Amino acid sequence: MVRRSTSSTRARLSVTQLEARDVPAGIVALEAVNLHEVGRSFLYLTGDNHDNHVRVELPTPNQIVVSSDTGLLRYYDDLQGAYVLTAEPLVFVTNVMFHYPLECIVQTGYGDDAVQVSGGFFELLQIDTDNGNDRVDVGIWGQDLRVNTGNGNDSVVLQNCGVTDVPFTGPLDAALILTGSGDDRLALMGVNRFNYLQAFLEQGNDVLAGDATVGSSLSCEAGMLLNGGTGDDRLIAADYFTASLPPIVYLDGFEEVD
Ligand SMILES: [Ca+2]
Ligand SMILES: [Ca+2]
Ligand SMILES: [Ca+2]
């Protein structure tokens, strides 16, 4: 009887330690699926409630580089049947032929997350960073861009979106940026070209910054809807947004314009 009691106590202690090991900080799951029958590819990156740092780069149409400063990356490709599970901080995947269109969905959950996506052509790029003070950097060519940074003091930078010499033509069909509550900053740097751009900075004292550098420009061929929301919001380098006016422009909710 004495032995059973001791064993039971040890078992409970052991279970507590295992649970702690099963949820280390910064796990990121990556699933890349090539559906070669229909010629489409999907890329899913899922973070956790800790601080996830994720970068996705497509330097060439058949190469993808995914890296993370923290945690575990898993890669699965049903076209080649390859499965890689590694705790290395960098996963470099080559010779993977991604089909177009490519859809990429990044969901990093709570925590102070950093997501960077650059290069390549995306039919859909969707980034949700949820609550926490997050940073999102996007420089892509594509058709549908959706960024939602949730609550917290977030930073979103769009740099040279829709400008590329890859063999695809046409601007981003639609871009929708939501930064939620908190004091957020949205910056458009360099040359950006959209068909229709919508940004809602929502509650908090937010900043929308254009690029005052000579040669930078913004083109929105169908329309532009930029809303600072409630709070004391500031629009910096307004010329960047107003220099080339699209047919429809709504620029509202900015108490201070530089
Ligand atoms: Ca997270
Ligand atoms: Ca956030
Ligand atoms: Ca806000």
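I took two strands as paired if DSSP finds at least two bridges between them. Helices (H or I, at least four residues) and strands (E, at least two) are DSSP runs, numbered from the N terminus.

I'm working on a predicted model, where local features need pLDDT of at least 70, side-chain atom pairs count only at pLDDT 80 or more, and totals for chains, interfaces and linings use all residues. Residues are numbered from 1 along each chain as its sequence is written, while chains are lettered from A and ligands numbered from 1 in the order in which they are written.

**Confidence.** I looked up pLDDT (the predictor's confidence in each residue, from 0 to 100). The protein averages 79, and 68% of the residues score at least 70. Residues 1-24 fall below 50, and I found one contact for that stretch beyond near neighbours in sequence. Contact here is two C-beta atoms, placed from the backbone, within 7 Å. Residues 163-168 also stay under 50, with seven contacts beyond four places in sequence. Where pLDDT is low, the predicted coordinates should not be read in detail.

**Overall.** I get two helices and 21 strands. Of the contacts with a separation of 6 or more, 51% join residues 24 or more positions apart. For burial I count other C-beta atoms within 10 Å of a residue's own, again placed from the backbone: 20 or more is buried, 12 or fewer is exposed, in between is partly exposed. Buried residues come to 36% of the 258.

**Strand β2.** I went to residues 40-46 and found that β2 pairs with β8 (residues 102-107) in the parallel sense, over six bridges. F42 has E103 as its bridge partner in β8. Which face of β2 is covered? S41, L43 and L45 are on the covered face, with R40, F42, Y44 and T46 on the uncovered one. In a regular strand the side chains alternate between the two faces of the sheet.

**Core.** A nonpolar core is a set of buried Ala, Val, Leu, Ile, Met, Phe, Trp, Tyr and Cys residues joined through C-beta atoms within 7 Å. The largest has 44 residues, and V138 and L208 touch the most other members. I listed the contacts of V138, leaving aside neighbours within four places: V117, L145, V147, L158 and C161. L208 sits in strand β17 (residues 207-209). Why is L208 buried? Because 29 other C-beta atoms lie within 10 Å. L208 and F254 are 46 residues apart in sequence, yet their C-alpha atoms are 8.8 Å apart.

**Positive phi.** Most residues other than glycine have a negative phi, and most peptide bonds are trans. I noted D130, with phi near 55°, in the loop between β10 (124-128) and β11 (135-142). D130 counts as partly exposed because it has 19 other C-beta atoms within 10 Å. Then there is E202, with phi near 60°, in the loop between β16 (191-200) and β17. E202 has 21 such atoms within 10 Å, so it is buried.

**D173.** Last stop was the loop between β13 (155-159) and β14 (174-178), where D173 lies. D173 has 16 C-beta neighbours inside 10 Å, so I logged it as partly exposed. Beyond four places in sequence, D173 touches Q143, D144 and N195. From D173 to F194 it is 21 residues in sequence and 6.4 Å in space, C-alpha to C-alpha.
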